[in-house]
Amino acid sequence: MYSIFRFFLLSVHQIKKMANQNHNILVISEILKSLSRYEFNSFLLSVGYKSQYNISKLKQSGIKGAQKKGDTSNTSSDAESTITSKILLEISKGIKANENSTTIRTRLLEKFNIKQVFNHTNLLESRLNDYLTISKNVKSLSIDNARLTQIEFYKNISFLWICFFRRINLNIKSNLISIEKKLLQYELYPELITIMSFQLAFFLSSKVNLNELSVIHNRLQGYIKLLELKSTAEVTWIQVQLTAQKKIVNNKFLKFLEEFILKNKEFEGKINSDSWHVLFYYINLEYYQQLEKFKEGDEICHKIINIYKSNKYLSTKTRIGTGYLQLANNQFLDLRYSESIESCNQSLKFYPIDSINLISVYEILFLSNFYLENYVDANVNVEKVVNAKNFRLSTIVFAKWCYFQTNLFFALKKYKEAQYSIQSSYYHEDDKEAWSIYVRILSIYILVSREFYLEVESSLENMKRFITKLKKNGSVKKRHIVIYKLLLKLHNSGYLFKNIYNENVELFNKLGSNDPQFRWNPAGGEIIRFENWFQSNFD
């Protein structure tokens with residue numbers, strides 16, 4: 001953020017120095033054009049009239065340059081400066097989409113057919129840095145207004161510090177108040193603390209009464225307190241997400257959530273920070289879902305949505321969409337599939353077509369429609385993800401959606417298509433959620449339905465080895481083991497479903513219990529519930 005001002009100050013000095021030392025006119029021309037592009041016209045003129053070159057000619061010189069009378073620079077230097085000038089001019093035309101520093105460098109080297117960018121690598125990187133941080137390029141980024149405000153703030157505070165130390169007469173006090181007001185709207189507390197520190201430095205160097213100084217100090221302390229609360233909430237929320245991803249939810253984790261909520265409950269509704277409230281509510285939502293208090297979870301989701309809808313500075317379509325997505329997920333976990341579909345449809349109104357979050361929305365839509373036996377709608381959800389052109393699916397996500405499609409084929413009794421589709425459903429070795437075991441279970445369903453009993457025997461042996469492997473990393477659940485045992489008994493009995501059920505009622509009761517190790521999880525990989533499939537084959 002400081003590079004624009006650094007480049008500007010250095011450039012003024014360098015122009016004067018190079019003018020005195022008869023440096024190549026092309027390099028000076030490029031720097032002057034850069035200054036003009038940043039609209040530092042007064043400085044451009046102040047440098048120009050003192051130099052021996054005519055500014056108007058310099059600005060019009062382009063790649064050819066305006067030659068100074070008596071210029072005797074050598075051919076090598078001219079060639080080097082000419083290529084540098086061409087490179088800088090090419091950068092000024094704009095950066096292509098998805099380019100990084102490496103691809104930009106390669107493109108320029110190929111375009112100008114040179115082996116290296118001479119000794120101007122640092123100059124090239126500096127100009128690229130300066131170009132990317134000018135306002136028009138920053139505003140072209142697909143980021144929210146809060147991030148844009150942060151970027152503009154660091155540019156402005158750099159400018160104010162320079163003016164402060166150079167004793168340039170500006171209405172600094174008015175600028176500081178304006179900047180603070182905008183930062184406060186977006187609740188950017190680290191930047192607010194920076195601006196208040198600047199105000200202290202500014203007012204301490206000028207005439208200021210003690211009351212005004214006390215007000216500044218109190219505001220600074222208030223921002224520090226809000227930053228502390230928000231930072232604690234952010235760290236806690238990150239811990240919550242990491243714990244949920246690792247599937248290590250236990251009583252210790254629940255105690256951790258409970259302690260945080262109790263400690264921070266007193267601040268709810270009392271501090272003027274919507275961003276803190278959103279984090280606090282998300283942590284509450286995780287806690288209620290772990291306790292299966294889904295009605296309370298609904299209330300929390302609505303609070304989050306209302307904050308984003310009412311606060312125009314924090315509100316973005318993506319955030320509102322995520323609020324509805326969280327509501328849909330909470331309703332889905334409570335087996336309220338029709339409500340979750342409605343919330344998902346609300347979420348779709350806010351997400352852009354290339355949002356990666358759409359995959360999560362379509363997953364809840366697919367599963368809700370599937371469990372409601374709305375197979376046509378479920379198929380539409382699958383097609384939208386598998387054939388998506390606006391975002392790229394990772395291999396494991398693509399495999400997951402092929403598995404969803406396989407379940408759909410099986411439910412529609414398209415067993416041949418299901419057997420073909422399941423070949424694309426197997427996961428990589430880094431399948432931490434053990435979805436691959438559900439692929440193996442479904443594969444056995446398909447083989448039994450097609451009466452390929454010899455293949456069932458080899459599939460059971462394969463499943464046994466896979467469960468043994470899962471035991472080593474703790475990914476296997478007791479439900480997996482019970483299902484394997486029942487499938488093995490079924491195979492050995494010659495597929496007498498009803499007899500095996502009657503002989504193993506106790507095991508089936510465990511599968512239908514609320515024990516986390518045995519019960520069915522609608523959000524897990526067992527989309528076609530084992531007990532339902534088993535009982536559907538009684539006749």
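Biologist: Which are the buried residues of helix 20?

Modeller: They are Ala399, Lys400, Trp401, Cys402, Tyr403, Phe404, Gln405, Thr406, Asn407, Leu408, Phe409 and Phe410. Keep in mind that this is a predicted model. Twelve of the 17 residues of helix 20 are buried, so the rest of the structure largely encloses it.

Biologist: What do the buried residues of helix 20 pack against?

Modeller: Five helices: helix 18, helix 19 (375-386), helix 21 (415-421), helix 22 and helix 27.

Biologist: What does the same check give for helix 18?

Modeller: Helix 18 takes in residues 358-371, and its 14 residues should span 20 Å. The end C-alpha atoms of helix 18 are 20 Å apart, which agrees. Of those 14 residues, 13 are buried, so helix 18 is largely enclosed by the rest of the structure. Glutamate 373 follows helix 18, with a positive phi near 60°.

Biologist: Let us step back. What is the secondary structure of the chain?

Modeller: There are 27 helices and zero strands. The chain has 539 residues, and 46% of them count as buried. Its accessible surface is about 29600 Å², with 51% belonging to carbon and sulfur atoms.

Biologist: What share of the contacts comes from residues 24 or more positions apart?

Modeller: That share is 63%, counted among contacts with a separation of 6 or more.

Biologist: How should I read a nonpolar core, and which residues have the most contacts inside the largest one?

Modeller: In soluble globular proteins, nonpolar side chains tend to be buried together. Here the largest nonpolar core has 67 residues, and Phe366, Phe404, Phe530 and Trp533 have the most contacts inside it. Helix 22 (residues 435-449) gives the largest share of this core, eleven residues. A second, separate core has 53 residues, including Ala146, Leu226, Ala233 and Tyr324.

Biologist: What does phenylalanine 530 touch?

Modeller: Setting aside residues up to four places away in sequence, phenylalanine 530 touches Tyr445, Arg479, Ile483, Leu486, Leu487, Phe508 and Leu511.

Biologist: Now the charges. How many salt bridges does the structure hold?

Modeller: Side chains of opposite charge can pair when their charged atoms come close. This structure holds 14 salt bridges. One of them joins arginine 319 to aspartate 144, with the closest N and O atoms 3.9 Å apart. Arginine 319 is in helix 16, while aspartate 144 is in the loop between helix 8 (135-139) and helix 9 (145-165).

Modeller: Arginine 319 is partly exposed, at 24% relative accessible area. Aspartate 144 is also partly exposed, at 22%.

Biologist: Which residue forms a salt bridge with glutamate 292?

Modeller: Arginine 519 does, with the closest N and O atoms 2.6 Å apart. This pair links distant parts of the chain, 227 residues apart. Glutamate 292 lies in the loop between helix 14 (274-290) and helix 15 (294-310). Arginine 519 lies in the loop between helix 26 (505-511) and helix 27 (530-535). Glutamate 292 is partly exposed at 41%, and arginine 519 is partly exposed at 28%.

Biologist: Which residues do shared partners join into one network?

Modeller: Glutamate 339 and arginine 336 form a salt bridge, the closest N and O atoms being 2.9 Å apart. Salt bridges that share partners join Asp298, Asp334, Arg336 and Glu339 into one network. Arginine 336 counts as buried, at 11%, whereas glutamate 339 counts as partly exposed, at 35%.

Biologist: What is glutamine 331 in contact with?

Modeller: Beyond its neighbours within four places in sequence, glutamine 331 contacts Asp298, Arg336, Glu339, Ser340 and Ser343. Glutamine 331 sits in helix 16 (residues 317-333) and is buried, at 6% relative accessible area. Its C-alpha is 7.5 Å from that of aspartate 298, which is 33 residues apart from it in sequence.

Biologist: Where is the pLDDT below 50?

Modeller: Where pLDDT is low, the predicted coordinates should not be read in detail. The chain averages 79, and 73% of the residues score at least 70. Over residues 1-77 the pLDDT is below 50.

Terms used: Residues numbered from 1 in each chain as written. Predicted model: local features only at pLDDT ≥ 70, side-chain atom pairs only at ≥ 80, totals over all residues. Heavy atoms only, no water. Helix = DSSP H or I, 4+ residues; strand = E, 2+ residues; numbered from the N terminus. Buried < 20%, exposed > 50% of the residue type's maximum accessible area, 1.4 Å probe, protein only. Contact = heavy atoms within 4.5 Å. Areas by Shrake-Rupley, 256 points an atom, 1.4 Å probe, with all protein chains shown as cover. Expected span 1.5 Å × (residues − 1). Core = buried A, V, L, I, M, F, W, Y, C linked by side-chain atoms within 4.5 Å. Salt bridge = Lys/Arg side-chain N within 4 Å of Asp/Glu carboxyl O. pLDDT = per-residue confidence, 0-100.
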